[in-house]
Amino acid sequence: MRKVLTGDLKPGMRVAKTLYVSDGRILLNSGVILKEAYIRRLKEKDIPAVYIMDETLPEVEVPEFISDQTRLQTAETLRGCMNSIDMGTELNARKIKKTVNEIVDELTSKRHVIVHLNDIRAYDDYTFGHSVSVTALSILTGISLGYNKLELRDLGVGALLHDAGKIKIDESILLKPSKLTENEFEEVKQHPRIGYDLIKETDGISFPSAHIAYQHHEKYNGSGYPRGLKGDDILEFAQIVAVADIYDAITTDRVYRKALPAHKALEVMHNLMQAQLNPDIAQMLFKNVAVYPIGSVVELNTGELGIVVDVNKEDLSAPVVRIIKGDEINQDEITEIDLMHNKGIIIKDVITDRKKWEDNK
Ligand SMILES: [Fe+2]
């Protein structure tokens with residue numbers, strides 16, 4: 001399967017992964033053949049891309065790092081929170097903690113979860129999808145740092161609610177595709193404090209969780225907002241969420257901006273690590289995300305094209321690549337190269353552009 005931007009979808013293409021709307025209903029089932037009307041609906045709903053079956057690529061299973069069911073359940077809890085904030089009623093701390101505990105249990109029960117973030121949100125709403133991913137990425141980082149379950153829960157609750165204050169910010173500013181004016185940016189900068197004030201009033205939600213919302217836009221070198229906190233004056237939980245927040249934002253398709261592939265996103269993160277992010281924490285995130293996610297089409301220094309079919313946890317930059325020969329997927333003649341054990345062979349490029357791949361064959 002491959003990811004196709006909504007603008008490039010054509011009738012007749014077959015959907016490879018079920019797409020949900022954020023209330024859990026199915027928008028498009030896996031296996032459905034696209035029609036003009038479906039494509040129109042995807043555009044209306046601002047869905048940036050869809051997974052399409054591709055007969056010229058070998059079918060590889062991309063492992064989910066959290067199940068669709070957990071994602072949808074978490075989005076549902078988050079929607080409940082947003083409604084409570086909107087209506088001025090108290091957040092349901094018990095439900096929030098239960099949901100986060102489920103993510104913690106799911107992630108701690110799997111050994112060595114590797115995130116293949118070529119993933120499209122399983123549903124349509126960016127804010128929900130983003131908060132759920134940030135929660136899971138933050139918890140994974142916390143696991144790598146050796147946190148206990150209670151710490152993981154406090155971290156997860158804060159991560160899930162980190163942008164809760166955005167509900168009080170004008171939507172036209174939040175969704176504005178072009179650069180914000182100074183006044184608009186000043187308004188956006190209010191959301192950490194608004195979120196903090198809302199969360200700290202909630203019985204049953206810990207003080208550190210509330211401070212995650214308050215501090216998630218602070219930067220390691222002191223250039224962040226709202227208070228310009230610096231270095232380890234920023235709560236470690238908030239430093240973790242800041243790293244996850246940036247990584248997920250740059251690897252997610254938006255209507256106005258295409259996602260960066262994982263290897264480019266990691267480059268961007270490396271640059272930010274010089275000043276804006278705690279380098280030790282960013283390294284912990286890197287341990288958990290695939291540089292070349294399963295399903296990526298890559299070009300090797302041998303000139304051959306291949307598809308990533310497995311990753312080596314010990315060296316995420318050296319995955320197992322199945323060589324693609326022309327358009328023929330001949331199951332009797334599979335050549336797989338494990339780059340960890342073939343040190344002379346390296347990945348030269350990631351082919352994200354279908355045209356470039358066609359030209360290369
Ligand atoms: Fe934020």
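Student: Leaving aside neighbours within four places in sequence, which residues is Lys176 in contact with?

Tutor: With those neighbours set aside, Lys176 is in contact with Thr181 and Glu184. Keep in mind that this is a predicted model. Lys176 is found in the loop between α6 (171-174) and α7 (182-188).

Student: Is Lys176 buried, exposed or partly exposed?

Tutor: Buried means under 20% relative accessible area and exposed means over 50%. Lys176 has a relative accessible area of 22%, so it is partly exposed. A polar atom of the Lys176 side chain also lies 3.3 Å from the backbone oxygen of Lys179.

Student: Now the metal. Which residues coordinate the iron ion?

Tutor: Read the donor atoms off one by one. The iron ion is coordinated by Asp163 through OD, and by His191, His216 and His217 through NE2, at 2.1 to 2.3 Å. Along the sequence, the donor residues are spaced D-x27-H-x24-H-H. His191 sits in helix α8 (residues 191-200) while His216 is in the loop between α9 and α10, so this pair ties together parts that are 25 residues apart in sequence.

Student: Are the histidines His191, His216 and His217 buried or exposed?

Tutor: Go through the relative accessibilities. His191 is buried at 1%, His216 is buried at 2%, and His217 counts as buried at 16%.

Student: What does His217 touch, not counting residues up to four places away in sequence?

Tutor: His217 touches Asp163, His191, Pro192, Gly224, Tyr225 and Asp245 on that count. Asp163 and His191 are also among the residues that coordinate the iron ion. The side chain of His217 makes a polar contact with the side chain of His216, at 3.0 Å. His217 lies in the loop between α9 (207-215) and α10 (236-250). For a C-alpha view, take His217 and Ala238: they are 21 residues apart along the chain, with a separation of 8.3 Å.

Student: What kind of peptide bond joins Tyr225 and Pro226?

Tutor: Most residues other than glycine have a negative phi, and most peptide bonds are trans. The bond joining Tyr225 and Pro226 is cis, with omega at about 5°. Pro226 is found in the loop between α9 and α10.

Student: How far apart are the end C-alpha atoms of helix α5?

Tutor: They are 16 Å apart, in agreement with the 16 Å that the 12 residues of α5 (residues 149-160) should span at 1.5 Å a residue. At the start of α5, a side-chain oxygen of Asn148 comes to within 3.1 Å of the backbone nitrogen of Leu150.

Student: How many of the residues of α5 are buried?

Tutor: The general idea is that an α-helix has 3.6 residues a turn, so residues three or four places apart point the same way. In α5, 9 of the 12 residues are buried, so the helix is mostly covered. Among them are Leu152, Leu155 and Ala159.

Student: Where is Asn288, and which side chain does it make a polar contact with?

Tutor: Asn288 is in the loop between α12 (279-286) and β5 (297-300). Its side chain makes a polar contact with the side chain of Ser144, at 3.1 Å. Asn288 is buried, with a relative accessible area of 10%. Neighbours within four places aside, Asn288 is in contact with Val113, Ile114, Val115, Leu140, Thr141 and Ser144.

Student: And the whole chain: how many helices and strands are there?

Tutor: The chain has 13 helices and 9 strands. Buried residues make up 53% of its 361 residues. Among contacts between residues at least 6 apart in sequence, 64% join residues at least 24 apart.

Terms used:
Residues are numbered from 1 along each chain as its sequence is written. This is a predicted model: local features need pLDDT of at least 70, side-chain atom pairs count only at pLDDT 80 or more; totals for chains, interfaces and linings use all residues. Side-chain values use heavy atoms; hydrogens and water are left out. Helices (H or I, at least four residues) and strands (E, at least two) are DSSP runs, numbered from the N terminus. The expected span of a helix is 1.5 Å times one less than its number of residues. Buried means under 20% relative accessible area, exposed over 50%, partly exposed in between (1.4 Å probe, protein chains only). A polar contact is a pair of N or O atoms within 3.5 Å; within protein, one must be able to donate a hydrogen and the other to accept it, and residues adjacent in sequence count only if both atoms are side-chain atoms. Contact means heavy atoms within 4.5 Å. Donors are N, O and S atoms within 2.8 Å of the metal (3.2 Å for Na, K and Ca); water is not among the atoms, so sites may look incomplete.
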